[in-house]
Amino acid sequence: MWLVFLKEVKELVRDRKTLFFMIALPILVMPAFAGMAIYFAKNAADEAQNKVLKFALVGADYAPKIATELRNTDGFSEITLPADVDFAEQIRAENVDFILEIPDHYSDNVLQSGQAIIKLHMHDAGLNLVFQRVDDIVKAQVKAQQKTAFDTIGLQPEQQTALLNPIVLEKVNTADQRESWGAQIGGIIPYFIFILCLQGAMFPATDLGAGEKERGTLETLLISPTERYKLVLGKFLTIALAGLTSALITVSSMAIWSIVLSQGMAIQFVIDIMSSIGILDFVLMFLMLIPVVGIFASVLLSLSIYAKSFKEAQSYMGSLMMLIFVPIIFSILPGVELKGGWAWVPLTNVALAIKELVKGTMDYFQLFAIFGSTAIIALALLGFCVHWFNREKVLFR
Amino acid sequence: MIEIKQLAKKFSVENPKKLSEQEKKDPRLKGRFFHSVVDVSLSVDDGQVIGLLGPNGAGKTTTLRMLSTALTPDAGSVKINEVDVLKSPLIARQKIGFLSGSTGLYGRLTGRENIEYFGQLHGMDKTAIAQRIEELSQMLDMQTFLDRRCENFSTGMKQKTAIARAVVHRPEVVILDEPTTGLDIMATQTVLDFIRSLKAENTPVIFSTHHLDEVSELCDRVAVIDNGVSKFDDTLDAFKAKAEDGNLHTAFLATINQGAR
């Protein structure tokens, strides 16, 4: 068994394609993509912030303060439009970035003139900060007008605050910090880990089953004086190892990169998260993954040895990937908890248990049941895989 | 020696409607089962080479697969040097060396590693394997490429490695399933020389082929299978006697047609 295992691992390690998918992709490529996305997003935001906006004012005389403020602020440049033009057309032709239309009843005395609605005509598709930048200028006027009005009526500062916000609904969260963010990200984590395990195990599985058939090495392997179950176990362990390694590498790379990238910004938050989850919880999460990977490896190997060629195996595995989404999606659905029937749904229960572990609200006794039931399923599938490997119909299709 | 008696093997047919017209006409198709091998018997003594002949789909590969323990027969018996292959397949496998024209190698392993792996699977220790590889690489002239990865090998290099892999454990019998199909002239010559060397070592060889010149050059005995049934199992001379002019093609056709009448 170990002989088969060592040989398969040696072959796997020598394959650049597998190594790329298993190691380079999660360590370098994923963070590089994330970094590039952040870089471009930041660039686009900077550009929107610094772009000089061409504007036109309609009814500027009614609101001289706003007009002056706009004219004096950096990044705005006024242009004059002929009377009776179509605003939309002017904006579409990029003659002007926005047009501010001030109503004739606008005045600095809000108590007399009532609410004023200023219309901001703009092309609001794609990333732009037009509204935000104009709003900053308008808000200053709003504050000034509120103050003038309150002073006229003769309200104390506390009364002013109360009038602006008569009732404030304040949320007092009784869940501790870990529980609340655990509920938010705890569902996503098993989703990622499961998919990564499956992804990492998929290529070696194809190679170890269908690959042997395609290369014409299967027959010679079958007639070597080694029991069939030893061949299966050797291959099974290789696939499981690949799945686990791939998941571990990805998770640790995500953790390391998030710490590196968030340095100086949210590092305290990341450290809080990491330190509040105990070592025991991490170990338990890893242990829960072992039978899950066992299930994946058995199913993948069975599919792969059934397939006549690489191509056939890959199409089976594509369908398997779609199927795996179902139990994971269940665990993300709101209202699905590790209670009653859900505790017995395979894979879903493990995903839910990992979520509970992240949240720190795990009932540890339940863990035995979940681990046990998943392990039994994994063993049954492995048994099936051995039986499958003994069937002539499967091996010599 | 190898002794095969009344071997039979049937395969279940998933969907008889999907078979081609020709397959449906095959007398071996009975209901949901295709009786690939119905009654095959043959025997080879030590130091003899037997050529297994028959049209495509006659049951040659199935017979050789049963002999090599890859398939389990439904009836009959296979004995290799008094070991019942069906009762103790693991012991029998240690006595068998198997090679076919389509046998491949593990491309990401070197030639040496490929041979080593099968030596280890046969339970050989490291020194024994190293010694045997040295011996085989001398015999097959493999020193120049033995430590390179197989994926870049030429057909000839691949076939030499495959031969070395098949006999690394010094098998007592060697089974070859169309070993020269798809090979170029040089690689074919390597295989034929290899069969000659086995014969010189007194190892019985059974090989299936479509090339009658190989049969006349190497074989002591001939076995003919048609439609899963043994039609002939005797010496090469007896086979030649089937044709008046001693031509093997005529003899082969005469043997096949003999059952049809």
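Biologist: Why is strand 10 (residues 221-226) of chain B said to be largely enclosed by the rest of the structure?
Modeller: This is a predicted model, where local features need pLDDT of at least 70, side-chain atom pairs count only at pLDDT 80 or more, and totals for chains, interfaces and linings use all residues. Residues are numbered from 1 along each chain as its sequence is written, while chains are lettered from A and ligands numbered from 1 in the order in which they are written. Strands (E, at least two residues) and helices (H or I, at least four) are DSSP runs numbered from the N terminus, and a residue is buried if 20 or more other C-beta atoms, placed from the backbone, lie within 10 Å of its own, exposed if 12 or fewer, and partly exposed in between. Strand 10 of chain B is largely enclosed because its buried residues number 6 of the 6.

Biologist: Which residues of strand 10 of chain B point the opposite way from Arg221(B), Ala223(B) and Ile225(B)?
Modeller: Both sets are buried. Facing the other way from Arg221(B), Ala223(B) and Ile225(B) are Val222(B), Val224(B) and Asp226(B).

Biologist: In strand 10 of chain B, what is the bridge partner of Leu52(B)?
Modeller: Two strands pair if DSSP finds at least two bridges between them. Strand 4 (residues 49-53) of chain B and strand 10 of chain B have 4 bridges and run parallel. In strand 10 of chain B, Leu52(B) is bridged to Ala223(B).

Biologist: Which residue in strand 11 of chain B stands opposite Val222(B)?
Modeller: Strand 11 (residues 229-235) of chain B runs antiparallel to strand 10 of chain B, with 6 bridges joining them. The hairpin they form has 2 residues between the strands, and Asn227(B) there takes a positive phi near 50°. Opposite Val222(B) stands Asp234(B).

Biologist: Which helix gives the most to the side of chain B that touches chain A?
Modeller: Residues are in contact if their C-beta atoms, placed from the backbone, lie within 7 Å. By that test, 22 residues of chain B meet 16 residues of chain A. With 4 residues, the element of chain B that gives the most is helix 4.

Definitions and conventions: Contact = placed C-beta atoms within 7 Å.
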